[in-house]
Amino acid sequence: MRLANKTALITGGSSGLGLATARRFIEEGALVAITGRDADRLAAAAKQLGSRALALVADATDIAATEEAIATAAAQFGRLDIVFANAGIPGQTPLGGTKLEAFEQVIRTNLTGVFFTVQAALPYLSDGASIILNGSVISALGHPGYAAYAASKAGVRAIARVLVSELSPRGIRVNVVAPGAIRTPIWGAAIATPEAEKAFEARIARSTPLGHIGEPEHIANTVLFLASDEAAHIQGQELFVDGGASAAPAGAPIYRG
Ligand code: NAD
């Protein structure tokens, strides 16, 4: 058991990468609190996860609600050893067609929400705790239409480095997992029908050196590693889990002769 006697908080734990990570953490012995906005979806996730999961409704953009949820988790668990600040939204913000509210909602959720999640957890973090922030390859790749999202995820990388300086005196580690395209509901309209999903995955496969879309377990296993004592000397790193898409785009199938 790699997380025996550990306690964890995962924001956005009712779906996708957060849910897969909660499942993996529990398999490895952790007690896990998950947050989300929708009580029904959260209850369904908690039912899947079983008795070692605690589900707490909290919108990551609502700082008071986040503080309350984290205080409840800490009261139940005694302390927090792991925080996975995962809640996030995509949100298209193309130049020429974007309203301020849409731009700010992405920043508020993916960037401001991450900072205040960590701040709310701070009083309960054990010395030597592990914090993992969810970034994205989009912070580095210049995808059209993603200005706010890319900025939010680049901001997450920057915040992680600042937190390293602030939290290293307590032995607390802060790292970023930066997923490439992973099979989760986040892709919305792009995967709304089986045909659309097939076309989407084929496009990802063509632009990924390893030739296929990622699975939530790829991220869950990476976050598990970063959370565990196996990563005890890994501090301030951003780990891209993207089948090679960011490191070697020229190696993608689309460029093979
Ligand atoms: P998802 O839509 O399945 O899950 C997102 C989760 O975040 C959901 O549980 C949702 O309820 C929650 N959430 C969103 N806004 C919230 C808010 N304001 N308050 C509380 N919870 C909120 O998508 P996912 O793919 O699992 O995404 C998880 C994270 O991974 C996001 O930060 C996303 O940016 C990042 N990411 C995903 C991919 C991918 O391809 N799936 C790639 C790179 C980064």
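**Helix packing**

I started with helix 3 (residues 63-77) and helix 4, which pack at an angle of about 40° with their axes 9 Å apart. That angle makes helix 3 oblique to helix 4. The axes are lines fitted to C-alpha atoms, for helices over the stretch in contact, and the angles run from 0 to 180 degrees between N-to-C directions. Helix 3 passes helix 4 in a right-handed crossing; that is, the near helix is turned clockwise from the far one by less than a right angle.

A note on where this comes from: the model is predicted, so local features need pLDDT of at least 70 and side-chain atom pairs count only at pLDDT 80 or more, while totals for chains, interfaces and linings use all residues. Residues are numbered from 1 along each chain as its sequence is written, and side-chain values use heavy atoms, with hydrogens and water left out.

The helices themselves are DSSP runs (H or I, at least four residues), numbered from the N terminus.

Next I checked helix 4 (residues 100-121) against helix 6: about 15° between them, axes 8 Å apart. So helix 4 is roughly parallel to helix 6. Their crossing is right-handed.

Then I looked at helix 1 and helix 2 (residues 39-49), which pack at about 25° with axes 10 Å apart. This makes helix 1 roughly parallel to helix 2, and I noted a right-handed crossing here too.

**Around the ligand**

How many residues surround the ligand? I found 29, and the closest are Ser-15, Leu-17, Ala-60, Tyr-149 and Thr-184. To be near, a residue needs a heavy atom within 4 Å.

By class, the shell holds twelve nonpolar, 13 polar and four charged residues.

For polar contacts I went by pairs of N or O atoms within 3.5 Å. A backbone N or O atom of Leu-17 is 2.7 Å from a ligand oxygen atom. Asp-59 has a polar side-chain atom 2.8 Å from a ligand nitrogen atom. In Lys-153, a side-chain N or O atom lies 2.9 Å from an oxygen atom of the ligand.

Is the ligand buried or exposed? Alone it exposes 820 Å², and the protein buries 96% of that (Shrake-Rupley areas, 1.4 Å probe). Helix 1 (16-27) and helix 6 (147-167) are the elements that give two or more residues to the shell.

Note on methods. Polar contact = N/O pair within 3.5 Å; in protein donor to acceptor, adjacent residues only side chain to side chain. Nonpolar A, V, L, I, M, F, W, Y, C, P; charged D, E, K, R; others polar. Parallel < 35°, antiparallel > 145°, perpendicular 65-115°, else oblique.
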